[in-house]
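Hi,

Here is the structure I promised to hand over. Have a look at it first, and then read my notes below.

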Amino acid sequence: MSGKSVGILGIGSYVPEKVITNAELEKMVDTSDAWIVERTGIKERHVAGDGEATSDLATKAAERALLDAGVKAEELDLIIVATVTPDMVFPSVACLVQDNLKACKAAAFDLTAVCSGFIYGLVVGSSFIKSGTYKKVLVIGAETLSKITDWTDRNTAILFGDGAGAVVLGETLPGHGILGVHLGSDGSGGDLLKVAAGGSRQPTSEKTIADRAHFIQMDGKEVFKFAVKVMGEAASKALEAANISPKEIACLVPHQANLRIIQSAAKRLGLPMDKVVVNVDKYGNTSAASIPIALDEGVKSGRIKNGDVVVIVGFGGGLTWGAGVIKWYKE
Ligand code: UT7
């Protein structure tokens with residue numbers, strides 16, 4: 001990427017208080033803690049309470065990111081929220097956050113790329129800064145997947161959780177920030193992971209409700225195969241774009257869907273697991289929120305330091321995928 005150097009000036013995350021453990025899930029569906037841990041690495045997940053919506057989580061993460069960046073809400077030029085669980089069809093979550101933050105001069109829109117949404121948002125947001133259109137952009141990945149999870153379906157109920165992560169983007173030191181990115185899609189695989197009803201193809205009806213078509217439906221095995229293939233490929237393409245060798249990676253921050261998928265991505269990149277941020281055990285798969293939450297933990301725990309090459313990579317419904325190479329620098 002040429003021109004201005006754009007980086008993360010501040011980062012924050014938030015997960016709701018309520019926790020559902022695997023032991024609690026054992027009482028809801030035919031599953032076991034041992035099966036879930038062995039097949040996914042997940043031990044518990046946080047879920048939003050009644051009346052707690054995506055914009056509530058997004059706003060809390062955004063406030064933390066702004067504080068971390070030392071940037072005031074009034075300075076924001078644009079707010080992008082990556083989500084598939086908006087509070088309502090419209091207005092967008094980004095507009096609700098804009099109002100909550102009183103970000104008086106910011107434009108605001110939502111973006112849908114499912115679990116790859118945060119990386120898509122990062123690429124879009126940083127492009128606005130590179131082009132000189134905007135100076136400060138807030139990118140949030142926020143989800144309340146618990147609201148669209150079929151808690152009677154053991155294939156999916158064990159996987160998902162709620163949360164939000166946010167970053168403030170702006171100009172950074174030359175040679176630092178986002179050095180290379182790669183995004184991709186394959187709509188032919190859309191049926192593998194979807195919420196079929198509630199849109200214009202199948203508007204809400206008594207039948208769609210009876211069919212449980214407003215919940216996530218997933219072909220887990222096929223998504224798994226796709227994920228294992230695409231994670232390594234996407235990361236390699238972003239590294240190529242950045243002209244950085246995998247050997248230079250200090251830290252990999254992958255989408256937290258399944259520990260086995262994360263392990264296979266690390267293997268493909270030749271990375272030991274101690275260079276990989278893993279928190280899927282605590283939060284499950286929080287879709288667009290998973291990468292910024294993991295990145296925030298990586299930074300706040302001191303694992304990610306100034307000058308480190310950090311690779312973020314994810315995949316999701318659509319199908320979509322994305323990766324980014326960031327040379328970390330934060331004042
Ligand atoms: O952000 C993207 C979102 N999606 C994903 O990342 C999902 C990717 N896929 C996966 O993570 C894995 O495919 C799953 C965790 C969903 C499933 O793991 P798996 O190793 O692919 O299991 P499987 O579907 O092959 O099922 C193996 C067995 C089956 O029983 P039989 O047919 O061998 O008797 C399932 O019925 O495990 C059974 N099973 C379960 N058993 C206990 C499926 N779900 C469960 C469960 N508890 N929750």
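Predicted model: local features only at pLDDT ≥ 70, side-chain atom pairs only at ≥ 80, totals over all residues.

Residues are numbered from 1 along each chain as its sequence is written, and side-chain values use heavy atoms, with hydrogens and water left out.

**Aromatic rings**

Back to Phe315. Its ring pairs with that of Phe226: the centres are 6.1 Å apart and the planes stand at 80 degrees, so the pair is edge-to-face. For the cut-offs, rings of Phe, Tyr and Trp (its six-membered ring) pair if their centres lie within 6.5 Å, and planes under 30 degrees apart count as stacked, over 60 as edge-to-face and the rest as tilted. This pair links distant parts of the chain, with Phe226 in helix H8 (residues 220-242) and Phe315 in strand S12 (residues 309-316), 89 residues apart. Helices (H or I, at least four residues) and strands (E, at least two) are DSSP runs, numbered from the N terminus. Phe226 counts as buried too, at 13% relative accessibility. Ring pairs also bring in Trp321, giving a cluster of Phe226, Phe315 and Trp321.

How many aromatic pairs does a search of the whole structure find? It finds 3. One of the pairs is Phe128 with Tyr134, which is tilted, at 5.2 Å centre to centre and 40 degrees between the planes. Phe128 is partly exposed at 27% relative accessibility, and Tyr134 is partly exposed at 24%.

**Strands S12 and S13**

S12 pairs with S13 in the antiparallel sense over 8 bridges; two strands pair if DSSP finds at least two bridges between them. Val311 has Val325 in S13 as its bridge partner. The hairpin of S12 and S13 has 3 residues between the strands, and Gly318 there takes a positive phi near 140 degrees. S13 (residues 320-327) also pairs with strand S8 (residues 177-185), again antiparallel and over 8 bridges, and Ser185 has Thr320 as its bridge partner in S13. In S13, 7 of the 8 residues are buried, so the strand is largely enclosed by the rest of the structure.

UniProt, in an unreviewed entry, places the feature "domain: Beta-ketoacyl-[acyl-carrier-protein] synthase III C-terminal" at residues 239-328. Positions from that record are given in the numbering used here, feature names are shortened, and annotations may be inferred rather than shown by experiment. Over residues 239-328 the chain is 32% helix and 24% strand, and the end C-alpha atoms are 15 Å apart.

**Helix H9**

In helix H9 (residues 259-268), Ile261, Ile262, Ser264, Ala265 and Ala266 are buried. What covers the buried residues of H9 includes H8, strand S11 (249-254) and S12. Asn258 caps the N-terminal end of H9, with a side-chain oxygen 2.8 Å from the backbone nitrogen of Arg260. Just after H9, Gly270 has a positive phi of about 70 degrees.

**The five-stranded sheet**

There is an open sheet of 5 strands in the order S1-S7-S6-S4-S5, with mixed pairing. Strands S1 (6-14) and S5 (107-111) stand at the edges, each with a single partner strand, so one side of each has no neighbour in the sheet. Strand S4 (residues 78-82) runs parallel to strand S6 (residues 137-144), and 5 bridges join them. Among the residues involved, Ile79 has Leu138 as its bridge partner in S6.

**Pro292**

Pro292 is found in helix H11, and at 0% relative accessibility it counts as buried. Leaving aside residues up to four places away in sequence, Pro292 touches Ile11, Phe118, Gly165 and Ala166, where contact means heavy atoms within 4.5 Å. The C-alpha atoms of Pro292 and Ala61 are separated by 9.8 Å, although these residues are 231 residues apart along the chain.

Cheers

Notes. Buried < 20%, exposed > 50% of the residue type's maximum accessible area, 1.4 Å probe, protein only. Polar contact = N/O pair within 3.5 Å; in protein donor to acceptor, adjacent residues only side chain to side chain.
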